[in-house]
Amino acid sequence: MGIENKLVILASGRGSNFAAIANAIADGSIPNARIIALISNNADAGAIGIAKRLGIAVRIIHSKNFRQSGQFDRIGYEKELSAVLKELQPNWILLAGYMLILGKEIIQQWANKIVNIHPSLLPAFRGLRAQKQAIEAGVSKSGCTVHFVTEELDDGPIIAQNTVEVLGTDTEETLSQRLLPIEHHTYVEAVSKLCSRSCVIRNGCVEWLA
Ligand code: GRF
């Protein structure tokens with residue numbers, strides 16, 4: 001058995017990707033891994049209930065406490081987040097529907113350790129409402145991407161991708177619904193690889209070592 005990978009999940013909402021990863025650890029599809037904490041910026045996140053049911057530690061850093069007259073104090077917020085991460089010392093930080101953009105200090109501090117899932121085939125359709133963007137662009141295929149987080153939004157070396165067909169009748173909701181189980185599978189596949197193999201990043205691409 002390999003060395004145990006300590007995972008920290010960051011989630012702001014529903015938490016279905018988080019649940020998929022937790023279930024995959026429980027059933028052995030992700031080897032050598034343990035989720036040591038869920039961090040959320042939103043006390044109402046569905047992910048918090050999932051963590052509690054699974055006995056996973058929850059840390060809430062209320063982003064609303066850092067918002068004043070429409071301005072978000074990112075530096076203040078990230079100081080707290082940074083302190084929690086420093087204390088937890090994870091091997092991997094997995095963003096799963098985390099709705100805040102991370103600043104460059106945290107990204108540099110945890111370079112090539114932060115992973116995100118995005119609901120499009122990057123580099124297409126970065127940013128919010130990627131499924132809506134795909135429908136509006138009239139593409140016949142879209143998908144999801146698990147990638148390392150860099151300072152550019154929804155950019156960074158790609159770890160895993162899978163596709164979904166876009167139907168002429170699709171709405172943002174139906175496409176999102178059909179894509180979600182593919183996201184779960186793709187995130188599990190990516191985390192499983194990260195926890196069982198070594199990789200390097202060369203010229204912006206992930207290269208898997210033996
Ligand atoms: C997913 O579509 C993910 O790709 C995006 O946010 C959504 C989160 O869903 N980044 P969930 O909270 O994991 O259910």
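## Basis of the model

The model is predicted; local features need pLDDT of at least 70, side-chain atom pairs count only at pLDDT 80 or more, and totals for chains, interfaces and linings use all residues. Residues are numbered from 1 along each chain as its sequence is written, and side-chain values use heavy atoms, with hydrogens and water left out.

## Nonpolar cores

The largest nonpolar core has 36 residues. Such a core is a set of buried Ala, Val, Leu, Ile, Met, Phe, Trp, Tyr and Cys residues joined through side-chain atoms within 4.5 Å. Buried means under 20% relative accessible area, exposed over 50%, and partly exposed in between (1.4 Å probe, protein chains only). Leu7, Phe18, Ile21, Ile30, Ile35, Leu94 and Tyr187 touch the most other members. Helix 1 (residues 16-26) gives the largest share of this core, seven residues. Helices (H or I, at least four residues) and strands (E, at least two) are DSSP runs, numbered from the N terminus.

A second, separate core holds 22 residues, including Val8, Leu10, Ile61 and Leu85.

## A bent helix

Helix 6 (residues 172-196) has 25 residues, which should span 36 Å at 1.5 Å a residue. The expected span is 1.5 Å times one less than the number of residues. The end C-alpha atoms of helix 6 are 35 Å apart, which agrees.

Helix 6 also bends by about 30 degrees at Leu180. The bend is the angle between axes fitted to the seven residues ending there and the seven starting there. A proline, Pro181, follows within four residues.

## Around the ligand

The ligand is surrounded by Arg14, Gly15, Ser16, Asn17, Gly97, Ile117, Pro119 and Glu183, each with a heavy atom within 4 Å of it. A ligand oxygen is 2.8 Å from a polar backbone atom of Gly15. For Asn17, the distance from a ligand oxygen to a polar backbone atom is 2.9 Å. Glu183 has a side-chain N or O atom 2.6 Å from a ligand oxygen.

Ser16 lies in helix 1 and counts as buried because its relative accessibility is 17%. Apart from neighbours within four places in sequence, Ser16 is in contact with Leu180 and His184. Ile117, in strand 7 (residues 114-118), is buried at 7% relative accessible area. Contacts of Ile117 beyond its neighbours within four places in sequence include Asn17, Glu183 and Tyr187.

Conventions:
Polar contact = N/O pair within 3.5 Å; in protein donor to acceptor, adjacent residues only side chain to side chain. Contact = heavy atoms within 4.5 Å.
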